[in-house]
Amino acid sequence: MSLILHSTSPFLIPKYRNPSNPIFCSPTSSFKVATILSSFGPLAIALSLTSPLSSLASYPFASQNFPISTTPYSQSQSLNLGLEDGKIRPCPSTNPGCVSSNPKSSSFSFPLAIPEDFLENPVQKLRDAILRTQRNVKFEVDEETPFGRYLQVEVDGGFGRDVMEFLVKKDIVAYRSMATKVTYIYPFTTALGDSKGQEERMNKIKVELGWYSPSFESMDN
């Protein structure tokens, strides 16, 4: 009985002439087959050690901690209201429809100055001015704090509701006026809009109050 090795196969597979007794072969043939098969041993071990699949199997994806990605849109959905360290908050960088008297704000506007000879209740005067100049006014918060009198007001805006915040402290009124709805157009990551609408709103309130507020233009004169 002789052994035939087919060269058309990627591996050399033994085939026996005598199908009735395929197990039988000569000692010489057995030695050749063992030599051929043993030559693949180091290659198989090397593949098992260097294969990336073994490392993937050792660390399943379920155990990995992937960071949660944030986008400007998702950040804009988080609306932080109220005082921060006793001060009116600056405008968020993801909301262009905002104006604030906080110096850290990208859309800065000077605070209101209550005249020295003003004898009325400044908080009540402010509430009245808001009611006269804004639509569908709803006072959400009106409370005394260690930092001054804080007001939070919702009014109608250009696209939904806007929120205004005021901090009346002695003869200064700090504020922030901001749209609660931010519009993005995919795939752009910059929100649409600007602070002009909020600036016009605060100018109407300032004119109604008759209080002074400096501006960059007046400082140049």
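This is a predicted model: local features need pLDDT of at least 70, side-chain atom pairs count only at pLDDT 80 or more; totals for chains, interfaces and linings use all residues.
Helix α5 (residues 122-133) packs on helix α6 (residues 196-209) at an angle of about 125°. The two are therefore oblique to each other. Their axes lie 9 Å apart. The crossing of α5 past α6 is right-handed.

Which residues make the contact of α5 with α6? From α5 come K125, L126, A129, I130, R132 and T133. They meet K204, I205, E208 and L209 of α6. By class, this contact has 5 nonpolar, 1 polar and 4 charged residues.

Now turn to the largest nonpolar core, which has 20 residues. L126, M164, F166, V173 and I205 touch the most other members. Five elements are named as giving two or more residues each: α5, α6 and the strands β6 (148-157), β7 (160-169) and β8 (172-179). The largest share, 4 residues, comes from α5. In soluble globular proteins, nonpolar side chains tend to be buried together.

L126 ties these views together. The residue belongs to the α5 side of the helix contact and is listed among the core members that touch the most others. Beyond its neighbours within four places in sequence, L126 contacts F166, V168, V173, I205 and L209.

Step back to the whole protein. Its secondary structure comes to 7 helices and 8 strands. Of its 221 residues, 28% count as buried. Among contacts between residues at least 6 apart in sequence, 50% join residues at least 24 apart.

Methods:
Residues are numbered from 1 along each chain as its sequence is written. Side-chain values use heavy atoms; hydrogens and water are left out. Axes are lines fitted to C-alpha atoms, for helices over the stretch in contact, and angles run from 0 to 180 degrees between N-to-C directions. Angles under 35 degrees count as roughly parallel, over 145 as roughly antiparallel, 65 to 115 as roughly perpendicular and the rest as oblique. A crossing is left-handed if the near helix is turned anticlockwise from the far one by less than a right angle, and right-handed if clockwise. Contact means heavy atoms within 4.5 Å. Ala, Val, Leu, Ile, Met, Phe, Trp, Tyr, Cys and Pro count as nonpolar, Asp, Glu, Lys and Arg as charged, and the others, Gly among them, as polar. A nonpolar core is a set of buried Ala, Val, Leu, Ile, Met, Phe, Trp, Tyr and Cys residues joined through side-chain atoms within 4.5 Å. Buried means under 20% relative accessible area, exposed over 50%, partly exposed in between (1.4 Å probe, protein chains only).
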